[in-house]
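Subject: Structure handover

Hello,

I am passing on the structure we spoke about, followed by notes on what was found in it. Please read the notes with the structure open.

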Amino acid sequence: MRSIGQTFRKAREAKEIALTQAAEQTHIKIQVLEAIEADNFKRIAAPLYARGFIKMYSEYLGIDPAPLLKEYNERFAVNRPVPSLQTESAGG
């Protein structure tokens, strides 16, 4: 099974798109695309940004983002508990 980065690199190379061209057309910094293709998600500030870049890059290359996002969430995303947004009822 290919990694996220390998999947992106193979798709980009199959379309004969240079990394600089992909960066220009997606408006994603070339350093970010290099990090993604190297599976170096520590270079991306937050999981929210990484997921957004994966989705944008997938759409640009014409590949389904769902399996890549699933793999990212399983392998790289930090699982933090989400604080409850419910408020306690008054009186009681």
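In this predicted model, the axes of helix α4 (residues 47-61) and helix α5 (residues 65-75) come within 9 Å and cross at roughly 155 degrees. An angle over 145 degrees counts as roughly antiparallel, so α4 is roughly antiparallel to α5. Their crossing is right-handed. On the α4 side the contact is made by P47, A50, R51, I54, K55 and S58, and on the α5 side by P65, L68, L69, Y72 and N73. By type, the residues of this contact are seven nonpolar, two polar and two charged.

Helix α4 also packs against α1, with the axes 10 Å apart and an angle of about 30 degrees. Angles under 35 degrees count as roughly parallel, so α1 is roughly parallel to α4. The crossing of α1 and α4 is left-handed. From α1, the residues F8, A11 and R12 meet I54, Y57, S58 and L61 of α4. This contact divides into five nonpolar residues, one polar and one charged.

R12 deserves a separate note. Helix α1 spans residues 4-14 and includes R12. Is R12 buried or exposed? Its relative accessible area is 8%, and the limit for buried is under 20%, so R12 counts as buried.

What does the side chain of R12 have as polar partners? One of its polar atoms lies 2.9 Å from the backbone oxygen of I17. The R12 side chain also makes a polar contact with the side chain of Y57, at 3.5 Å. Leaving aside residues up to four places away in sequence, R12 touches I17, A18, L19, A22, E37, Y57 and L61.

H27 has a relative accessibility of 72%; exposed means over 50%, so H27 counts as exposed. H27 and Y57 are 30 residues apart along the chain, and their C-alpha atoms are separated by 9.9 Å.

Regards

Terms used: Residues are numbered from 1 along each chain as its sequence is written. This is a predicted model: local features need pLDDT of at least 70, side-chain atom pairs count only at pLDDT 80 or more; totals for chains, interfaces and linings use all residues. Side-chain values use heavy atoms; hydrogens and water are left out. Helices (H or I, at least four residues) and strands (E, at least two) are DSSP runs, numbered from the N terminus. Buried means under 20% relative accessible area, exposed over 50%, partly exposed in between (1.4 Å probe, protein chains only). A polar contact is a pair of N or O atoms within 3.5 Å; within protein, one must be able to donate a hydrogen and the other to accept it, and residues adjacent in sequence count only if both atoms are side-chain atoms. Contact means heavy atoms within 4.5 Å. Axes are lines fitted to C-alpha atoms, for helices over the stretch in contact, and angles run from 0 to 180 degrees between N-to-C directions. Angles under 35 degrees count as roughly parallel, over 145 as roughly antiparallel, 65 to 115 as roughly perpendicular and the rest as oblique. A crossing is left-handed if the near helix is turned anticlockwise from the far one by less than a right angle, and right-handed if clockwise. Ala, Val, Leu, Ile, Met, Phe, Trp, Tyr, Cys and Pro count as nonpolar, Asp, Glu, Lys and Arg as charged, and the others, Gly among them, as polar.
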